[in-house]
Amino acid sequence: GFSLPVELKIDRLELPDIRLAEALAGRDFSIAANGAIDATSERVSLNFAAHRQDLPDAMAQADIVYAPEQNELKLQASIAEPQGGLIARLLRLPGNPAVAMALDGSGPLSNWTGQLDGNVDGAPVISVNGKHTLTENGRHRLELTGGGQLQEMLPPAVRPFFAGLTAIDVAARFGNGDRIDIDKGNISTGAVKVAASGALDHPSA
């Protein structure tokens with residue numbers, strides 16, 4: 001079962017002035033962040049928020065809970081920046097467009113669903129649905145389906161591999177040992193198509 005080797009509790013962590021130099025992203029950025037973490041042998045919860053000091057609406061936040069003993073999983077995170085923001089500059093996106101991404105998923109770990117959506121300059125470019133279930137023998141099953149114009153959120157160097165529409169249809173089972181069963185592993189773009197299935201097994205020494 002799930003167990004951390006140590007326990008960690010930070011009620012509030014304040015980082016009021018994080019400075020990123022021009023050499024990193026093409027201009028100076030000043031960021032303020034705060035968060036909290038409570039990690040025990042049975043449960044992990046994390047809250048985090050950050051924003052640009054010159055533009056509070058340019059922000060990132062996360063709320064995560066993983067508690068398998070209570071059959072709970074929460075993955076909620078978002079990031080939003082206007083044109084010329086840090087993320088666009090780090091990814092070298094042409095024109096430094098406005099970028100927004102949101103992950104929203106909460107519910108029982110045994111039957112969890114979530115969705116990841118991404119926009120560039122207000123236009124939807126990616127949407128992926130995720131589902132996690134527990135099988136009768138206690139293994140995890142993870143499914144990912146969706147896709148979009150993924151190249152719009154990637155650096156120019158790798159964009160040719162994701163030209164056109166990217167489609168994702170993946171399902172795998174893992175846990176209760178080292179074996180990973182890939183029920184389906186279909187990923188296609190305008191330039192590449194990958195189809196995989198089978199099992200990966202790494203026997204213990």
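Let me start with the side chains of Arg 139 and Asp 181, which are joined by a polar contact of 2.6 Å, meaning a pair of N or O atoms within 3.5 Å, where one must be able to donate a hydrogen and the other to accept it, and where residues adjacent in sequence count only if both atoms are side-chain atoms. Please keep in mind that this is a predicted model, in which local features need pLDDT of at least 70 and side-chain atom pairs count only at pLDDT 80 or more, while totals for chains, interfaces and linings use all residues. Residues are numbered from 1 along each chain as its sequence is written, and side-chain values use heavy atoms, with hydrogens and water left out.

The side chain of Arg 139 also reaches the backbone oxygen of Arg 179, at 2.7 Å. Where does Arg 139 sit? Its place is the loop between strand S8 (123–134) and strand S9 (140–148), strands being DSSP runs of E with at least two residues, numbered from the N terminus. Arg 139 counts as buried because its relative accessibility is 9%, and buried means under 20% relative accessible area, exposed over 50%, and partly exposed in between, with a 1.4 Å probe and protein chains only.

Turning to Leu 13, we find this residue in strand S1 (residues 8–20), and it is partly exposed, with a relative accessible area of 42%.

Finally, the largest nonpolar core has 10 residues, including Ala 88, Val 99 and Met 153, and S8 gives the most to this core, with 3 residues. Such a core is a set of buried Ala, Val, Leu, Ile, Met, Phe, Trp, Tyr and Cys residues joined through side-chain atoms within 4.5 Å.

Methods
Helices (H or I, at least four residues) and strands (E, at least two) are DSSP runs, numbered from the N terminus.
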